[in-house]
Amino acid sequence: MFLTIGTTGTQERPATDLGFLLHKHPDKAQAFSTSHGSAHVFYPEASAERCTAALLLEVDPVALVRRGKGKGKGRGGAPDAALAQYVNDRPYAASSLLSVALAAVFKSALGGVCRAMPERAASPLPLRIEVPALPARGGAELVHRLFAPLGWERVEATPVPLDEQFPAWGDSRYVRLVLEGELRLADALRQLYVLLPVLDDAKHYWVAPDEVDKLLRAGEGWLADHPERPLITRRYLSHRWGLTRQADQALELVRLAESDDLDVDSVDNAVDESTDTEEKPVPLAVHRRTAILDALRAAGASRVLDLGCGQGQLVQALLKDARFTEIVGVDVSMRALTIASRRLKLDRMGERQADRVALRQGSLTYTDKRLAGYDAAVLSEVVEHLDLPRLPALEYAVFGAARPGTILVTTPNVEYNVRWETLPAGHARHGDHRFEWTRAEFRDWAGQVAERHGYTVRYVPVGPDDPEVGPPTQMAVFTRATETGTTTGKTKEAEAA
Ligand code: SAH
């Protein structure tokens, strides 16, 4: 199995920089052992003008069969004694195994990480990728449909004849793939990582639920709005319907979230985060976090969900207080989560801190078993980002299914908008706000939700409480009612009994 990645350069920007980006030195041939055989990386050419890296995977078909133990032989796995298990195309065709090796050997490059030359890793390079024998169910035509929308200038898929001596035998199911274009190396690698197994359409290892996460990660930035997305997710997840549906829902939400502006430029945040010098009024976001932290402490919560955590400011504040022993941030937007993870320096965090915190991608309009059993959940400036008809789904997922002891919901008070000097009359504070509520509207909604799900609710003004129009932010504090009255918000084992 074979794949080459080439680039061109000049004396000032030598093509051999590819070695840095791939984290593999052009002068050395290196071998790695992967779960399916040994992978070799070497450079057939390496000059300032042209540099090509080759990845060769030697598959051990016997080991593959032994390890497989009947699992993961691909669809329609042959009976144990079948010769086909031992004599097959695995050793040379660029199947899903090559994709697994690609991810293992070029892990940092796939993640776009390059300490030595971050700016090179972040910018498009002239790339040429060649896969001499690519199994392609769906043929050259499908190869085009998959790669053409991804920014390649040249996508060439030439059918490989079954036997060159006997053209009458026709073509094999392999194509020779050549891709040329200016892309970021990480994007190109992530596309290959997903699309090689999609074209092969027979995964040779067990498809586990974490494949959905892998797909979402590798698909970041290109998969959500790919015209062949349904085929890609279906095939990548080996036609497992449940997983495919899960991935499709997540991707659909990513697509929606990314077509919206995130809250980054919202008027309240722009006002909020602009500065923290003393003469300036305390930013509203700070008021909000203080009010939230106070309410969580008063409730005695230690395991906390930050639902719609955005870029992780609240998670960061929670981490500073040791009483919060488990903090989970959830957001639908990968982009926000990436920023949050950078802000928290998750990759460099000590083990003890890292054990306290997790960031997860997910949508609050779908129930998620992993969110059950927490002391408290925060929805800070989130509800107004949902279309009103989707709100009952969030209500059910949070109040009905996750059911933490305490739930805090903050949202803008639209009555206060007249006090924002920078806000034209009648405008919402942020382009992505689907609605903004008056105090009465918010209380009407919150009261009904509390009643439907067995919570009591009280209201806390956040920010300067204007005598006429009320505070800029309104917060509802929901407390789950128990048989004996109201709970403190602490999870009590007894309650479950
Ligand atoms: N809680 C943060 C961010 C608020 S912005 C703060 O107070 O600053 C709203 C956030 O909700 C965004 O990050 C958006 O991606 C997220 N969001 C919107 N709809 C969502 C949904 N259905 N599921 C999960 N997160 C969602």
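Reader: Hi! Which residues are closest to the ligand, and how many surround it?
Author: Hello! The ligand is surrounded by 15 residues, and the closest are G308, G310, D331, L364 and S380. A residue is counted here if one of its heavy atoms lies within 4 Å of the molecule. Keep in mind that this is a predicted model, where local features need pLDDT of at least 70, side-chain atom pairs count only at pLDDT 80 or more, and totals for chains, interfaces and linings use all residues. Residues are numbered from 1 along each chain as its sequence is written, and side-chain values use heavy atoms, with hydrogens and water left out.

Reader: Thanks! Which backbone atom is 2.7 Å from a nitrogen atom of the ligand?
Author: That is a polar backbone atom of G308. L364 has a backbone N or O atom 2.9 Å from a nitrogen atom of the ligand, and for V332 the corresponding distance to a ligand nitrogen atom is 3.3 Å.

Reader: And how much of the ligand's area does the protein cover?
Author: The protein covers 88% of the 570 Å² of accessible area that the ligand has on its own. Accessible areas come from the Shrake-Rupley method with a 1.4 Å probe, and for residues only the protein chains shown count as cover.

Reader: Nice. Let's zoom out: how many helices and strands does the protein chain have?
Author: There are 18 helices and 15 strands in the protein chain. Both are DSSP runs numbered from the N terminus: helices are H or I with at least four residues, strands are E with at least two.

Reader: What share of the chain is buried?
Author: Buried residues make up 50% of the 497 residues in the protein chain. Buried means under 20% relative accessible area, exposed means over 50%, and partly exposed is in between, using a 1.4 Å probe and protein chains only. The accessible surface of the chain comes to about 23,600 Å², and 53% of that belongs to carbon and sulfur atoms.

Reader: OK, sheets now. What is the strand order in the open sheet of 7 strands?
Author: The order is β2-β3-β4-β1-β5-β7-β6, with antiparallel pairing. Its edge strands are β2 (30-34) and β6 (154-161), each pairing on one side only. Two strands pair if DSSP finds at least two bridges between them.

Reader: How many bridges link β1 and β4?
Author: β1 (residues 2-8) and β4 (residues 50-59) pair in the antiparallel sense over 7 bridges. Within that pairing, F2 stands opposite L56 in β4.

Reader: What packs on that sheet, and which strands does it touch?
Author: Helix α3 packs on the sheet, touching β1, β2, β3 (37-46) and β4, and its direction makes about 120° with that of β4. Contact means heavy atoms within 4.5 Å. Axes are lines fitted to C-alpha atoms, for helices over the stretch in contact, and angles run from 0 to 180 degrees between N-to-C directions.

Reader: How many of the residues of α3 are buried?
Author: 8 of the 10 residues of α3 (residues 96-105) are buried, so the helix is largely enclosed by the rest of the structure. Among them are L97, L98, L102 and V105.

Reader: And β5, how does that one sit in the sheet?
Author: Strand β5 (residues 125-135) has 8 of its 11 residues buried, so it is largely enclosed by the rest of the structure. It runs antiparallel to β1, joined by 4 bridges, and antiparallel to β7, joined by 9 bridges. I5 has I129 in β5 as its bridge partner, while R128 stands opposite E180 in β7.

Reader: Which strand pairs with β8, and in what sense?
Author: β8 pairs with β9 (residues 326-331) in the parallel sense over 5 bridges. R303 stands opposite E326 in β9. Strand β8 (residues 303-307) has 4 of its 5 residues buried, so it is largely enclosed by the rest of the structure.

Reader: Last one, T411: buried or exposed?
Author: T411 counts as buried, at 0% relative accessibility. T411 lies in strand β12 (residues 406-412), and its side chain makes a polar contact with the side chain of E384 at 2.9 Å. A polar contact is a pair of N or O atoms within 3.5 Å; within protein, one must be able to donate a hydrogen and the other to accept it, and residues adjacent in sequence count only if both atoms are side-chain atoms. Leaving aside neighbours within four places in sequence, T411 is also in contact with residues including W437, F442 and T473.
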